[in-house]
Each structure stands twice: as C-alpha cells, then as structure tokens.
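Reader: Could you take me through this one and tell me what stands behind each label?

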Amino acid sequence: MTTVATAPPARRSITSGSGSPRRRLTNAAATAGMFLSLLIVLVPLVLIIGYVIKKGLPIMSWQFLTEDIPLFSRATGPGMGPAIAGTLLITGAATVMAVPVGVLGGIYLSEYSRGSLFGRVIRFLAETMTGVPSIVMGLFVFTIYTLRFQKVNAFGGALALGCLMLPVIIRTTEEMLKLVPGDLRESSYALGGRKAATIVRVVLPAAASGIVSGVLLAVARAAGETAPLLFTIGIVNQTNWHLFSGANTALSVQIFSNAQSVFPGPQERAWGAALTLIVIVFLFTIAARLVSAFFTRRHASQ
Amino acid sequence: MAIDTRPAPAPAAPPPAPLAGGPNPPGRISDRVLFVLAIVGGGLVLVILALIAVSMISKGWPAVRSQGLDYFTSDVWDPAHGVFGTLAFTFGTVVISAIALLFAVPLSVGIALFITEVAPRSLRRHIIYVVDLLAAVPSVVYGLWGIAVLAPALPGFYTYVHDIVAPIPVLGTVLDGDPIVGKSFMTAALILALMVTPIITSITRETFATVPQSQKDAAYALGATRWEMIRAAVFPHSRSGMVSAVLLGLGRAIGETIAVALVIGSNAQITAKMFSGGDALPSVIANEFGEATGTQRSALIGMGVMIFFITLTIGIIARTVLNRSARRAEGSL
C-alpha cells in the first residue's frame, strides 16, 4: 500500500494474488480457514471410528455375534445375536417392500409424468418426504399399525424403515432412468417394442447398476436407524426370525438402551453392537460405491 | 417450404402394424398394467404423507384439547399430574438447532470451498468420500460416543471456557451452566453440528460447482486473489443454494432424535445457560413414549405432529429455493 507496484509480476500464478501484503494475508488466512474446517470435522470422525473399534473389538467374538442377549441386563459378557438377526430381518423386509414400489414410482416420474402437474407434485413431495424425520415415521407406524392392530413385531419396524427408504429410491430411480439416452428408447420403439417392454427390457437394465447403488445406500442408512424401531418392534432377548409374530430387537435399539446404562457389561455390549452396526453400514456403503464405480467405468468406456 | 425432390410420399396406406401385431396385441395390456403400477407407486408418496398428517393429528388432538393453549405455551411438563406443556422442549429444539448451525454452516462452507476451489482435482473425490462417511455413521453411534466419551470429558472444558468469558456480558451468561454439566444443550448442539455438516457441505459444494468458470476467470483477470474471487464470483452466484442447504441442515437438526436424546441431559427447562442440561422435542418422545399411555402418549404424538409440520415447511421452502436456483442456473447457460 505504501509502495506503488511498478510492474505487475508477469506470468505469476494468478491464484497466488498480486495484491498488497494485506490482501495476500487475507487470502492465505481464508485458505487456511478452509483447510482447518476440514480438519475440525475429520478429527471427531476419526475419534468416533477409533473409539468404536478400540472399545468394540475386545468383546467381539463368535459368541458375541451369535448368542442370546443376557436376560439380566447388568450381566457382563456376550450376546448380540438376536439384535443382528433383527437388524437383518427388519432392514431386509423394508427393502423388499420399498424397492419395487420405489422403482415403479421412479419409472412413473421419469417415463410417464412428462411434466404433468401430478408428476411435478409427486416429485416435489418425494423430495420433501426425504426430509421427514425418522422419529415421525416411527410414531406414524405406531398409530396406524402397532396401536391399531395391537401388534409389536418386526413388520412394524420394517414398515417404518420402508417409508423412510421409499422417497430415496424413487428419486434415485428417476435420476438414473433420466441418464439413459433417448436413442436407446427410440431404437426399441423402432424395433416395434411397446412402451412397457421398452422400459422393462431396455431402459431399466441400462440403469440397473445406478439404481442398485442407490438402493444399497438407502439400505445402509435404514440399517442404522433407531427412532423408527423404538415403539414398533418391542424388545426381546432371543433370536426371532418371525416377521409377523412376536417382539423383536435390533442393533441400534440395543445400543440406545445399553448406552444409558452405568454398568460395564451393557456398556461393553453397546460398543460391540456399535462396531457390528458400523461394519454392516459401511459394507453396504462400500458395495454401493463399487457398483457405481463399475457403472461409471463401463459408461465412460462406451 | 423446401423444394421436395424426393418421390411422392408413400400412398396413404395404414401405418405398418407394430411387430407385436393384431388389433389387440398382448403388449397393450402390459402397457396399461405398468402405467397403473407406476402411477400407484408414485402416488403412494402422496398417500403416506396424507396418512401421516391425518393419523397423527387425530391421535395427538386429545392432548391439545385437554391442555388448551398451555400445550404450546407452558413449560410445565408433569406427567404424574397430567400437565403437559411443551414450550421447554420447543425451546431446546430451537436453541440446539440454532447453535448447531452456527458451528456447522461456516465449517460446511469452508469444506465445500476447499473441495471445489483449493484441493487438487485428484484429491477431491477422496475428500468428498470421507466427509460423506460422517453422514453414514448411524446417529445412535454418535449418541454412544457422545454419552460415553464426549460428555464426561466436556465439563472441564466448559468450566475453562466459562472462566475466560465470565466477565463478558452476554457470553458470560450463555457460556455458563446451572450447574455446568457434560450432558447439556451445548453438547447436543456440538453433536448435531457434526451430523448436519455433511448435508450442508454436499449441497453447497454442488452449488459452488455450478458457478460458471467464465465468472471466476473474470474475477482473476481483474487481479483478485482466490478469496476475493470467491467473494465476488462464487458467493453471489450461490446465495440461494446456500440458503436451501442451511434450511435442509436445519430440518435435519430439528428432527434428529437419538443422538440428542442421549447427550442433552433430559432436563426440561428454559434457560440462557447453554452448559446446563435441557431437553428437545424428539428426544422427549424417544425417552418417554415407551411407558406413556393416555394423555401423555397423545401429547407426545402431538409433539411428533409439530416436528412433522415444522420440518415439512422448512423442507418445502428449501426445495422451492433450490429448484428455482437450479432453473435459473440452467437458464443462464
């Protein structure tokens, strides 16, 4: 500011700035701030994953994964089998319900709605529905299923998780179908394919890996949900593979109740369950990335 | 009309029958079936949202009727005596969401800028992946870490912070506790901030990525530093995207249940001291619904209705802003 720049520093990297020291300092501070933000967020992430591994590994064993949950909740030692079974059963049932409906909804939005008012409304509502909190879905299923039919079972939890997954799957399917080039549809029409045949035999297969990847992400998110299950599936200490009969439990619910205990036994089981849950969730997340990486690579090579 | 040198068009014969053939080809039925199935699949969204509103309002209404306006304006929640005022929980929800955004928004914008403007291209995907991992961690795991590791460690830090800011008028009160405890408004807000950061980051990042390169180059050509370019080209172009990102983060923060339930301290009170225990709408539902019956259950469902409509309204505003900005971005290209 005190000295007048005689000549612009020619050919210097423009991003380093040619201004006064103050401007350069501000720029450096801003860049440092951006990097710092990333660091501030990554430290807790590393801490959380580190703690889950450190505290979860000691109790991890074959017995932990398969044995029943101790009846006496303060007891130490293993047993999370019923919760693992419950998480798999409930999430699986939710997926079975939500995927066909969601894919059909996505097909409607991408292939049929053609900017119609109904289509626009449904798309908007599906987007909005992704933001409905999971506790609301839990209360909703409690009022229309659990309370109405006086049934506490895995199916209630699956209904709630399915409602959470549905809008995500609709949106992913629509996005993926829209990526399929129009030429493909026209080729099919030119060969005499009718609309339904074109969608089912040509368009869907072309978008399949993208849809699968989106579904896997939705499954990963649903598997970790707690709030929708709290009032719908009840609690049980033994493995129950029945969808419609008898109470059930899940890893997330076990973590929630054991985390509030002051005794070491349940706390250990909470960390073990957390490690198991994180492994399940990350496996699905990684699978989704692998599927979509495969998709983009094949896409790029075309 | 252009001169048509080609031979006359084919005689007006009936168009060739589709290969599937016949006056009522089998494909026609499957066309119908798929269309009906698809529209039902899409329409289910409408049905579910309507059912949520109707069924929950009808189950929550008895509490509002029995408590009157006090249901919303009283901070006395006393199930033993049948008194259900929700104001303390609404207060808690508003306060922790606001503090969470106060931390999360600058962090998210910083990370999004780092990814789009600073990080080398080869690193970008990896950073995005790592930040997305934050969103993949289940909220109950955040809660477990919060209650078992973070909350016990924080009172010392809180006391230290309070001692520094004590003489400052407003901060001295806000950064205080009654008493200072680990499971508090502030702890819940910190965990929430961590949970909404990946959401806000991903939307702002996508908005920043739509800023036209020409505008950035123009700013650089005028001699701007990177930070000046960001302020002159990136921010003005991304304002509505950032607003909707913040709103979507807010919606997520208001609805977040389990992690907050574990670390907020379950202490229904309205206080300016953020280092003391509090409670929030969703966490009360999670903690009390299991044993609740009668009016209490109805009051808790009513709180669910409040959360539903608040998050729905915020979501609708956010999506409207986002769609409008996306349309404008398409138009400007």
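Author: What follows is a short exchange about labels and the cut-offs behind them. This is a predicted model, in which local features need pLDDT of at least 70 and side-chain atom pairs count only at pLDDT 80 or more, while totals for chains, interfaces and linings use all residues. Residues are numbered from 1 along each chain as its sequence is written, and chains are lettered from A and ligands numbered from 1 in the order in which they are written.

Reader: Why is chain A called more spread out than a compact globule?

Author: Its radius of gyration is 26 Å, well over the 19 Å that the globule rule gives for 302 residues, so chain A is more spread out than a compact globule. The radius is taken over C-alpha atoms, and the rule is 2.2 Å times the number of residues to the power 0.38. Along its principal axes the C-alpha trace of chain A spans about 85 × 65 × 35 Å.

Reader: Why are α5(A) and α6(A) called oblique to each other?

Author: The axes of helix α5 (residues 134–149) and helix α6 (residues 154–179) of chain A cross at roughly 135° and come within 9 Å. Axes are lines fitted to C-alpha atoms, for helices over the stretch in contact, and angles run from 0 to 180 degrees between N-to-C directions. Under 35 degrees counts as roughly parallel, over 145 as roughly antiparallel, 65 to 115 as roughly perpendicular, and the rest as oblique. The pair is therefore oblique.

Reader: Which residues of α5(A) and α6(A) make the contact?

Author: From α5(A) come Ser134(A), Met137(A), Gly138(A), Val141(A), Tyr145(A) and Thr146(A), and from α6(A) come Gly156(A), Leu159(A), Ala160(A), Cys163(A) and Leu164(A). Contact here is C-beta atoms, placed from the backbone, within 7 Å. By class that gives seven nonpolar, four polar and no charged residues. Nonpolar covers Ala, Val, Leu, Ile, Met, Phe, Trp, Tyr, Cys and Pro, charged covers Asp, Glu, Lys and Arg, and the others, Gly among them, are polar.

Reader: How many residues of chain A are in contact with chain B?

Author: 78 residues of chain A are in contact with 75 of chain B. Helix α1 (residues 21–56) of chain A gives the largest share of the chain A side, 19 residues. That side divides into 51 nonpolar, 22 polar and five charged residues.

Reader: What makes Gln150(A) exposed?

Author: Gln150(A) has 7 C-beta neighbours inside 10 Å, so it counts as exposed. The cut-offs are 20 or more other C-beta atoms within 10 Å for buried, 12 or fewer for exposed, and partly exposed in between, with C-beta atoms placed from the backbone. Gln150(A) is in the loop between α5 and α6 of chain A, and its phi is near 50°, a positive value in a residue other than glycine.

Reader: And why is Ser266(B) called partly exposed?

Author: Ser266(B) has 17 other C-beta atoms within 10 Å, so it is partly exposed. Ser266(B) also has a positive phi, near 45°.

Reader: How do you know that the bond from Asp178(B) to Pro179(B) is cis?

Author: Its omega is near 0°. Pro179(B) lies in the loop between α6 (169–174) and α7 (185–209) of chain B. Most peptide bonds are trans.

Definitions and conventions: Helices (H or I, at least four residues) and strands (E, at least two) are DSSP runs, numbered from the N terminus. Two residues are in contact if their C-beta atoms, placed from the backbone, lie within 7 Å.
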